[in-house]
Amino acid sequence: MNLVKIYLNRITGIIITVINLLWTGHWIWLFHDYYFTKILWLYMYPDWVLILNISIGLRGIYIGFRLIKNNIHIFKALSIVITLLILGLFVSYYVPS
């Protein structure tokens, strides 16, 4: 395998992993704040939206690690992650309202 391709896979995998860590952290933070703090929320996402977005983020982290280890091609990883994030955005902002 070409050395440039290996570095490109690793850099892209790290970027995918960081984006999905932030995505997952945001939804875990919301889930925690909904049930374990005394904050009065004007609007709350349903539980299934929170769980779905957390699972999307975890799947994206897994794909990022697989890309870092060169177990998956970069095009396939990017297409899966982008599709999952668009699905998560759609479910989060259009379905519950």
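Which residues do ring pairs link into a cluster? They are Trp23, Trp27, Tyr43, Tyr45 and Tyr93.

1. Basis. This is a predicted model, in which local features need pLDDT of at least 70 and side-chain atom pairs count only at pLDDT 80 or more, while totals for chains, interfaces and linings use all residues. Residues are numbered from 1 along each chain as its sequence is written, and side-chain values use heavy atoms, without hydrogens and water.

2. Aromatic pairs. The structure holds 8 of them, a pair being rings of Phe, Tyr and Trp (its six-membered ring) with centres within 6.5 Å; planes under 30 degrees apart are stacked, over 60 edge-to-face and the rest tilted. One of the pairs is Trp23 with Trp27, tilted, at 6.2 Å centre to centre and 55° between the planes. Trp23 and Trp27 are separated by about one helical turn because they lie 4 residues apart in helix α1 (helices are DSSP runs of H or I, at least four residues, numbered from the N terminus).

3. Burial. Trp23 counts as buried at 15% relative accessibility, and Trp27 counts as buried at 2% (buried is under 20% relative accessible area, exposed over 50%, partly exposed in between, with a 1.4 Å probe and protein chains only).

4. A second pair. Trp29 and Trp41 are edge-to-face, with 6.3 Å centre to centre and 85° between the planes. Trp29 is in helix α1 and Trp41 in the loop between α1 and α2, 12 residues apart. Trp29 is partly exposed at 46%, and Trp41 is partly exposed at 26%.

5. Backbone. Asn70 has a positive phi of about 60° although it is not a glycine. Asn70 sits in the loop between α2 (47-68) and α3.

Technical notes: Helices (H or I, at least four residues) and strands (E, at least two) are DSSP runs, numbered from the N terminus.
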